[in-house]
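Dear colleague,

My notes on it follow.

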Amino acid sequence: MNGIQVQGLAKRFGGRAAVEGLTFDVRPGEVFGLLGPNGAGKTTTVRMLTGLLQPSEGEAIVWGHSVRTHGEELRRTVGLLTEQPGLYDRLTARENLRFFMKLHELDEAAAWPRVRTYLERFGLAGRADEPCGSFSKGMRQKLAIVRTLVHDPKVIFLDEPTSGLDPESARTVRDAVEELATEGRTIVLCSHNLGEVERLCSRVAIIQGRLLALAPLGELRRAGLALDIRVEGDAERFLPALAALPFAPNVLREGGRLKVMLTDDAQAPDVLACLVTAGARVHSAVPAHRPLEEVYLELIRQGRG
Amino acid sequence: MAFRPKRALAVFWKDFLDLRKNVGLLLSMGVLPLVFILVPIGVVWTYVQRPEDPNLRVIAHYYDKSLPLGANAALFLIERTLTDWFGMFLVMPVFVPILISSQSVAGEKERRTLEPLLASPVTAAELVAGKSLASLVPAVGISWLAFILFCIGIDVVAWPLVKGPLMPNALWTFGIFILAPLFAFFGNGVAVLISARVSEARTAQQLSALVVLPLVGLVGGQVAGWLTAGMGYYAIQGAVVLLLDGVLLVASIRLLDRERLISRWG
């Protein structure tokens, strides 16, 4: 079975539970976001799914291979971009990549043209014979991404793939991720860059030791209604009035715009009445998606509570 | 899990390539053989310069009370030096792998290259084999090269007294081809084992280097006249080290287990 199927996955280190009861699926061709604060268990989850750690409980099948019993086959199938690039500084970019080709027992002559395509795409082809120690942070990150793809993996785990990259390079990486997904690969993206998650992922799981939310991105953002209201003048003066409402909504302000987070559709008329009573001239009020950041922070707060 | 020689060779290829580009480490590896070659050559040269010095007879007598009056004390001391120094020479195949393996195993943690490496299909046994080979080949190679230079040096300086070649003799030939690889494996095993438990290459080197102390102690015992070295003596050392090599190999494979390394250092 392709993709990833996770059922009741848990990992304990001694008596401490890093993650518990994780259950989710990731489909082939999907870019799936794995979100959570530092220490939430994202890395531990990825390590279990890449065969680096054995689960304490539960099971996961990655592209048909059990993480419990088929570690070697699993590692042939997955590509892992770790948080740190982890390159051999004295070796050249080509030597770094050749090493991983050898570890995967690839026919180097056959694999190199495909690898070279990625090097060209990331602007590294001309630097292939230079030691990695001389590379900038962004170049190291890009080379680490190429290394992740050296063996043409079916499932790719990317931990902060655009960390340290300039906007242009970050765009190149995001385009490459989308293209890899189009080719039918399964991609799991761990990132604190929620904008990037919004751009790339179709579904996300938010974890904090356990699964807090698992949903398509659009659904998650619609989970609570938001109202985008444009008022005349500076909107800040209406904040106290909104805060005094019985349901005390979260409000984001940008000049003459207010984004009011609601938990129920029925709150919308109360918000508008409150603003009018406070003297606001309301130009427009339209339903809006809640920003992923808002949803994320709320879920994390609830998770802690 | 099947052992795939190609993956072990890949680890060897990478570590050997990395070693070739590590000038600092190469220099450290070169200094030790120089000392082990030059010191005994200097001692033999001193004996050859003054073979009739009565003090040599006193020293020779200290080592062997039954030394006949007509025996050549300088020649006796040269042969004794060569026998005792072999114990010291064995420090080299132990020490060189310690320098290399500490860098290659603990260095993977320091450079944060361990996780990508362990995320590849390579097994613990292949990792141990590849890394061990990358430290054993240079260690044994350096020992053999040093042995050749040592033989040439000794024969050149001893020639005026001996009027013929002293080296290579049976003890050294046995030792350098049989014992040196066993001792190198021992040094490598200790370094891999310690490297798997500490976070820095330097700490691994310092702790691993302590294993040469018993060897130096044995040589000290020989020089002090408490121990008499010979073929049997070194053969026993070899048997003990062979046993330790087996234990270290099993322990290294267990300690380089993914779960253990990642839980601790990842």
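At what angle do helix 5 and helix 10 of chain B pack, and how far apart are their axes? Helix 5 (residues 91-110) and helix 10 (residues 212-223) of chain B pack at an angle of about 165°, and their axes lie 10 Å apart. Axes are lines fitted to C-alpha atoms, for helices over the stretch in contact, and angles run from 0 to 180 degrees between N-to-C directions. The two helices of chain B are therefore roughly antiparallel (an angle over 145 degrees). B:Val91, B:Val94 and B:Phe95 of helix 5 meet B:Val212, B:Leu215 and B:Val216 of helix 10, where contact requires C-beta atoms, placed from the backbone, within 7 Å. By class, this contact has 6 nonpolar, no polar and no charged residues (Ala, Val, Leu, Ile, Met, Phe, Trp, Tyr, Cys and Pro count as nonpolar, Asp, Glu, Lys and Arg as charged, and the others, Gly among them, as polar).

The model is predicted: local features need pLDDT of at least 70, side-chain atom pairs count only at pLDDT 80 or more, and totals for chains, interfaces and linings use all residues. Residues are numbered from 1 along each chain as its sequence is written, while chains are lettered from A and ligands numbered from 1 in the order in which they are written.

In chain A, 8 of the 8 residues of helix 1 (residues 42-49) are buried, so this helix is largely enclosed by the rest of the structure (buried: 20 or more other C-beta atoms, placed from the backbone, within 10 Å of the residue's own). Helices are DSSP runs (H or I, at least four residues), numbered from the N terminus. Just after helix 1 of chain A, A:Gly51 adopts a positive phi of about 80°.

With kind regards

Methods. Buried ≥ 20, exposed ≤ 12 C-beta atoms within 10 Å, placed from the backbone. Parallel < 35°, antiparallel > 145°, perpendicular 65-115°, else oblique. Contact = placed C-beta atoms within 7 Å.
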